[in-house]
Amino acid sequence: MPRALWLLIIGMAVNVIGSSFLWPLNTIYIHDHLGKSLSVAGIVLMLNSGANVIGNLYGGHLFDKIGGYKSIILGIMISLVALVGLSIWHNWPEYVVFLTIVGFGTGIIFPSMYAMAGSVWKEGGRKSFNALYVAQNVGVAIGASLGGIVADYSFQLIFLANTVMYVIFLLIAVFGYKGISTDAAPQENNELNVTAVSRMNFKALMILCAGYLLCWVSYSQWTTTIASYTQEVNITLTQYSLLWTINGAIIVLGQPLLNGILKYLASSLKRQILIGIGIFIISFIVAGQASAFSGFLAAMVILTIGEMFIWPAVPTIAFALAPKGREGYYQGIVNSTATGGRMIGPVLGGILVDQYNMSTLFTVLILLFIIAVGTTIVYDRGLRLKEKITAKPV
C-alpha cells in the first residue's frame, strides 16, 4: 500500500480510539448518570447524528472544492474545541450542546478520509476502503476496551482521553496529510452521455443507501437500547465494552479468512452485501433470546461477521459510481446515510422499548433488514456502468 494510505490508516485508528472511549457509553451515561429516559437519550444522540449528517455532506462538498487536507484540519479543530468544552462541562444541558458540535466536526472528517483513500490508491479497488474499515475497528477494539475500564473508575477521564487522542490526530494530519494528492480517478465513459450516466449512478447510490440506512438503524441499537438492556440483566460496563473489543479484534484478525470467502464469491459486491444482511438477521435473533453475557457475546460475534461483509462494500460502490470531481460528495452521502441510521435508530429503539418491550424492538429490526434485502437486489437494475462496480478481491 502507498505511504499516504498508511498515514490515513494511522490517523483513522487514532481518531476512532478517541471516539470509542465515549460513543459506546453515551446512552449509559445519559440514562444512568444524568438520569434521563431512553427516549430522551435517543433524542440527544439524534441531535449528535443529525449534526454529523450535515457535517458529512458539507465535508464531502469541501473535499471536492478545497481538498482533503484543509477539510480534515477544519473538522478536527471544530471537534477538538467541543471536546475541550465537554471535558470541562459535561452535565445537563451542556453535554447535549458539545456532543452535537462534536458530531458536526467529526462528520466533516470522514468523507475526506475515504475519498482520499480511494484517490491515493486507485488500482487498489476495495483494498483502500477495507484498510480504513480495519483501522476503524482497531480503534474500536482499543478504545472500547480501555473506555469500559476507565468509565468504571471515572467518566471524567473518558472525556479527557477523547480530547488527548484528537490532539494526536491533529498532529498526524498537520504533518502527514498536507502533501497527499487527491486527484480524481479517470472515468471511462467517453462514449456515454455524462449527465445521464451521473443521474443514473446517483439514483443507484440512493437506492443502495436506503437499505444501508436501515442496516444502520438496527446496528445502532447495540450502542443504545441493547447497551442499556445489558445493564438491566447485570452485565458490567467492562463486560459490555469487552463485546466491542471482541468486535474489533475479529475484524482485524479475520481478514485473511474473509479474503478467501470474497474470492470464492467472485468479488460480487451485491452478493457480499446480501450475505451480510442475512448474517445480521441471525445475529439479532440470537440477541433477542439472550439474557446473559454468553448470549450477547455469541450475537456480537455473528454481528461482526455480518458487518465485515457490508460496511466496506458500500463506500467501494459509491467511489466507483462517482463522476469525476464528485468523489467527496458521494462519500459524504454514504457517511451521512450511516449517520442518519445512527440518528433514527436511538429514537426509534427508545420509543419501541419505552412503549412496548425489547421483543417488539427485535421484531421490527428484522423487518427492516428484510426491506434492506429488497433495496440491495434492485439498486443496480438498468445501470449501464454495472461492470465498473465489481472490485478486485482484497
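A residue counts as exposed when its relative accessible area is over 50%, and as buried when that area is under 20%. With this in mind, please note that the model described here is predicted.

**The chain as a whole**

- The secondary structure of the protein chain consists of 16 helices and 0 strands.
- Of the 394 residues in the protein chain, 59% are buried, while the accessible surface of the chain comes to about 15300 Å², with 66% of that surface belonging to carbon and sulfur atoms.
- Among the contacts in the protein chain with a separation of 6 or more, 85% are between residues 24 or more positions apart.

**The largest nonpolar core**

- The largest nonpolar core holds 118 residues, and the members that touch the most others are Leu-8, Tyr-177 and Trp-222.
- Helix α5 (residues 94-120) provides the largest share of this core, namely 13 residues.
- Beyond its neighbours within four places in sequence, Tyr-177 is in contact with several residues, including Leu-7, Leu-8, Tyr-69, Met-113, Met-116 and Phe-169.

**Lys-178**

- Lys-178 lies in the loop between α7 (155-176) and α8 (194-219).
- Because its relative accessible area is 63%, and the cut-off for exposed is over 50%, Lys-178 is classed as exposed.
- Setting aside its neighbours within four places in sequence, Lys-178 is in contact with Tyr-69 and Ala-173.
- Although Lys-178 and Gly-67 are 111 residues apart along the chain, their C-alpha atoms are separated by 9.7 Å.

Definitions and conventions. Residues are numbered from 1 along each chain as its sequence is written. This is a predicted model: local features need pLDDT of at least 70, side-chain atom pairs count only at pLDDT 80 or more; totals for chains, interfaces and linings use all residues. Side-chain values use heavy atoms; hydrogens and water are left out. Helices (H or I, at least four residues) and strands (E, at least two) are DSSP runs, numbered from the N terminus. Buried means under 20% relative accessible area, exposed over 50%, partly exposed in between (1.4 Å probe, protein chains only). Contact means heavy atoms within 4.5 Å. Accessible areas come from the Shrake-Rupley method with a 1.4 Å probe; for residues, only the protein chains shown count as cover. A nonpolar core is a set of buried Ala, Val, Leu, Ile, Met, Phe, Trp, Tyr and Cys residues joined through side-chain atoms within 4.5 Å.
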